[in-house]
Amino acid sequence: MIHKYKLCGFNIVLDVNSGGVHIVDELTYDLLDNVEPPFEEKCPEKVMEKLSRIYDRQEIEDCYQEIVELYNDKILFSEDDYEKYAKWSVASPVKAMCLNIAHDCQLRCRYCFASTGDFGKGRKLMSFETGKHAIDFLLENSGDRPNLEVDFFGGEPLMNWETVKRIVDYARSREEEYGKKFRFTITTNGLLLNDEKIDYINREMSNVVLSVDGRKEVNDYMRVLPGADGCYDIIVPKYKKLVDSRGEKEYYVRGTFTNKNLDFSEDVFALYEAGFDQISIEPVVGEGEEYALTEKDLPAVFKEYEKLAKRILDNEKEGRKFNFFHFMIDLDQGPCAIKRLRGCGCGNDYVAITPDGDIYPCHQFVGIDEYKMGNIDEGTFDQEMKKDFANAHIYSKPDCRRCWAKFYCSGGCNANNYEYMGDIRKAHKISCELEKKRLEVAIMMKAFRTYGEQE
Amino acid sequence: MKHIKTINKANLKESAQKGGCGKCQASCQSACKTSCTVANQKCER
């Protein structure tokens, strides 16, 4: 399978199954519409006759031979032979956990998926005992996986700060005995950050996600305190302080865009101008929700992604660089094909734990009763449901199976699929379209960085 | 090649042969939290 498209003057051809990315001229682009395996020794006369109205016959023949050479090298029209691997890893160890340490939040963000922090189940904080059981669960269920990830999430995790620290201390105290390394991350709205928390986060957390939506007016419309005041002026100086003392450790300022700010490239650049260089801005998707993007918004969003890419590339020419999370792609040293069959691993090697100790496939499933997988304190864990998630790979999702983007997005978000399509294996179309556009743009940016601006 | 330039190693098949060790990050533990982008992750083998 190949996927070809034109963007910013580049003709780009992806060989889906080898991961090959080729930049081609107009002739190749047109010829690829007319030829496919099995190839002949010479370009078929019917194709030659059709294309020789525009191109020179010798050039067509030369180009045909280049295509055949890449085919023989298995980097064009290569075979999909990964399905056998999808049957592996069904009994995968659990290696990552989202700890919903606080089902409570001080903000009343208009787009909140967590019902302003309590996930529709009441405001609660996780006890240390439950957190300790969660760490034990991870240690006991992680098999030979050496790296274990724990993300402190909410609600707002800083509302249960002392418990966060006790859980980190406890996990660290068990690392040597189990031969494991914990990597902690925390996602915060920033309101409760102070010097002590900043120092601790920068010391203990391998990644920190700092929520802010971009421009002050955009942030302050969506991310509001109960009295409807925006939070930008409280949080941004704290984020700046944290980032300035963080060194080379990973962080993201992470925002959300809605149908109210389809000019979100302005928000990305506002964050950059505010002093941040690791930026993620994510769309709100959904069905029938007030701020969610709908199909009619897609052309505007696509244009905006292109505009953002051009601005980032122009910025780089002036030596001003930053990372936009959704355009980051590693075409050479990215994850192996086996990792790419399942994506995030939710419900299989990744789970979320609520303050009550309930286990869900991920933070997005929290509160959906039929997806409760068990309880940490009670020692229950639904292995049948785990198997079902392990089997939710790109070959068991009909739309993914035939999609060119399957090895980049790896089957998308199971929670979105369930919430909007009623089935974890049914692709949510808008999410897919957004993902595909971001991939096309990200790959174009790689081409631009290699070959420079095209006429 | 005159007509086609390949810009990467196209090593997905090779990666399958020695992949699946599971040392890498679970993808949703990164910045996104709501959408999966797997190709932006590193192999940690």
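Reader: How many bridges join strand E8 (residues 205–211) of chain A to E9(A)?

Author: This is a predicted model, in which local features need pLDDT of at least 70 and side-chain atom pairs count only at pLDDT 80 or more, while totals for chains, interfaces and linings use all residues. Residues are numbered from 1 along each chain as its sequence is written, and chains are lettered from A and ligands numbered from 1 in the order in which they are written. Strands (E, at least two residues) and helices (H or I, at least four) are DSSP runs numbered from the N terminus, and two strands pair if DSSP finds at least two bridges between them. E8(A) and E9(A) run parallel, with Val208(A) having Tyr251(A) as its bridge partner, and the number of bridges joining the two strands is five.

Reader: Is strand E9 (residues 250–257) of chain A largely enclosed or open?

Author: A residue is buried if 20 or more other C-beta atoms, placed from the backbone, lie within 10 Å of its own, exposed if 12 or fewer, and partly exposed in between. Seven of the eight residues of E9(A) are buried, so the rest of the structure leaves this strand largely enclosed.

Reader: Is Lys74(A) buried, exposed or partly exposed?

Author: Lys74(A), in the loop between helix H3 (57–72) and helix H4 (83–86) of chain A, has a positive phi of about 65° although it is not a glycine. Most residues other than glycine have a negative phi. Because 15 other C-beta atoms lie within 10 Å, Lys74(A) is partly exposed.
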